[in-house]
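This report walks through one protein chain. It goes from the overall fold to single residues.

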Amino acid sequence: MQRLADGALAPIPPRLAAGAQMDDMERAIEEKKSALASMRAAVAQAQEIYLDSYGKGESHLIRVVQGAGTISATLSAAVHACQEELLTAQPGGGRPQELLDKALASDLAAIERGVSQRTIYQHTIRSHQATLAYVERITGAGGEVRTLDEVFDRMIVCDRRVAFIPDPSSERSDLALVVEHPGVVRYLVGVFEHAWQRASPLRSFPSARLPPRLTDEVRRAILRHMVNGHTDEAIAARLGMSTRSVANHMRWAAKLFGSRSRAQLAYLIAKSGFLDDDSH
């Protein structure tokens, strides 16, 4: 409406009235497009300089990221950019609550974007309530979770283009490898798929106890490592459980086989063929 000289109101044709406002909006959109184009050009230039810093050839396709903060920021950026598929292997049993809280928001956001998410944990998370609560939210949103007695190692793969793995040459947890070499990423995806096929789906959360079949798998894994000479502490670290739980399984086995020492138990287990049907 427009007020006339005599004070009366007169209607303005909508197309004419909207013209000025639409012009302002179109100008703002063009400015944003120009800013976006400039940012993309700057990022592309920075990416070239960044990759050149790793040398010539394909060396930039596998690079080291050091420091917990840098690893977290790099991984977070990759997950936020993920558009199709997110594969994750998480050994070590139940995860700390603060890590679960941090991961939940980004993982749910990825699923809402249409990202297919699959995660492999160890069987022991089935008795870890904080991790189970996280898994319940993820599976409720459409993600898939399975468990194994022993997970090969920590790994995250985004869109089958970039993978994050620990540096096998380092015992520290603040060193990671970012892998963008297509052949290596395909290999890592193959390792994940093989483990996924052997893993057991985690669909319900009725109790804090493992199902009998999974309990047997955990026990066989513990005894297999014991026969191979690993200590209780080493076994607990590999299977993501407490040393006390490993000791309890050892006592169960000692009673079952009637052994009086660890060496005798290993001998009796090997002689009995108890582990012969172990497919792992």
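## Terms and model

Helices (H or I, at least four residues) and strands (E, at least two) are DSSP runs, numbered from the N terminus. With those runs, isoleucine 125 falls in the loop between strand S5 (116–122) and helix H4 (129–141).

This is a predicted model, in which local features need pLDDT of at least 70, side-chain atom pairs count only at pLDDT 80 or more, and totals for chains, interfaces and linings use all residues. Residues are numbered from 1 along each chain as its sequence is written, and side-chain values use heavy atoms, with hydrogens and water left out.

## Overall make-up

The protein chain has nine helices and ten strands. Of its 280 residues, 37% are buried. Buried means under 20% relative accessible area, exposed over 50%, and partly exposed in between (1.4 Å probe, protein chains only).

Contact means heavy atoms within 4.5 Å. Among contacts with a separation of 6 or more, 71% join residues 24 or more positions apart.

## The sheet

Eight strands make an open sheet with mixed pairing. Their order is S3-S9-S8-S7-S4-S5-S6-S10. Strands S3 (62–66) and S10 (200–201) are the edges, and each pairs on one side only. Two strands pair if DSSP finds at least two bridges between them. Strands of a sheet pair through backbone hydrogen bonds, either parallel or antiparallel.

S5 and strand S6 (residues 144–148) run parallel, joined by five bridges. Here tyrosine 121 stands opposite threonine 147 in S6.

Strand S7 (residues 155–158) is covered on both faces. Met155 and Val157 are buried on one side, Ile156 and Cys158 on the other. In a regular strand the side chains alternate between the two faces of the sheet. Strand S4 (residues 85–89) pairs with S7 in the antiparallel sense, over four bridges. Leucine 87 sits opposite valine 157 in S7.

S7 also pairs with strand S8 (residues 162–166), antiparallel, over three bridges. Isoleucine 156 has phenylalanine 164 in S8 as its bridge partner. Cysteine 158 has valine 162 in S8. S7 and S8 form a hairpin with three residues between them. In that turn, aspartate 159 has a positive phi of about 55°. S8 itself is mostly covered, with four of its five residues buried. S8 pairs with S9 too, again in the antiparallel sense, over four bridges. There alanine 163 has valine 179 in S9 as its bridge partner.

Helix H5 (residues 182–198) lies across S3, S4, S5, S6, S7, S8, strand S9 (175–179) and S10. H5 runs at about 65° to S5. Axes are lines fitted to C-alpha atoms, for helices over the stretch in contact, and angles run from 0 to 180 degrees between N-to-C directions.

Rings of Phe, Tyr and Trp (its six-membered ring) pair if their centres lie within 6.5 Å; planes under 30 degrees apart count as stacked, over 60 as edge-to-face and the rest as tilted. By this rule there is one aromatic pair. Phenylalanine 192 and tryptophan 196 form it, stacked at 5.9 Å centre to centre with 15° between the planes. Both lie in H5, four residues apart, about one turn of the helix. Arginine 118 lies over the face of tryptophan 196, at 5.2 Å from the ring centre. A charge sits over a ring if NZ of Lys or CZ of Arg is within 6 Å of the ring centre and within 35 degrees of the ring normal.

## A buried loop residue

Is isoleucine 125 buried or exposed? Isoleucine 125 is buried, with a relative accessible area of 0%. Leaving aside neighbours within four places in sequence, isoleucine 125 contacts Gly93, Gly94, Thr131, Leu132, Val135, Thr147 and Leu202. Its C-alpha atom is separated by 9.6 Å from that of proline 91, 34 residues apart along the chain.

## Helix H7

Helix H7 (residues 232–239) has four named buried positions: Asp232, Ile235, Ala236 and Leu239. Seen down the axis of H7, they fall within an arc of 100°, so they line one face of the helix. The arc is that of the directions from the helix axis to the C-beta atoms.

The face turned away from the buried side carries the exposed residues Glu233 and Ala237. Glycine 240 follows H7, with a positive phi near 70°.
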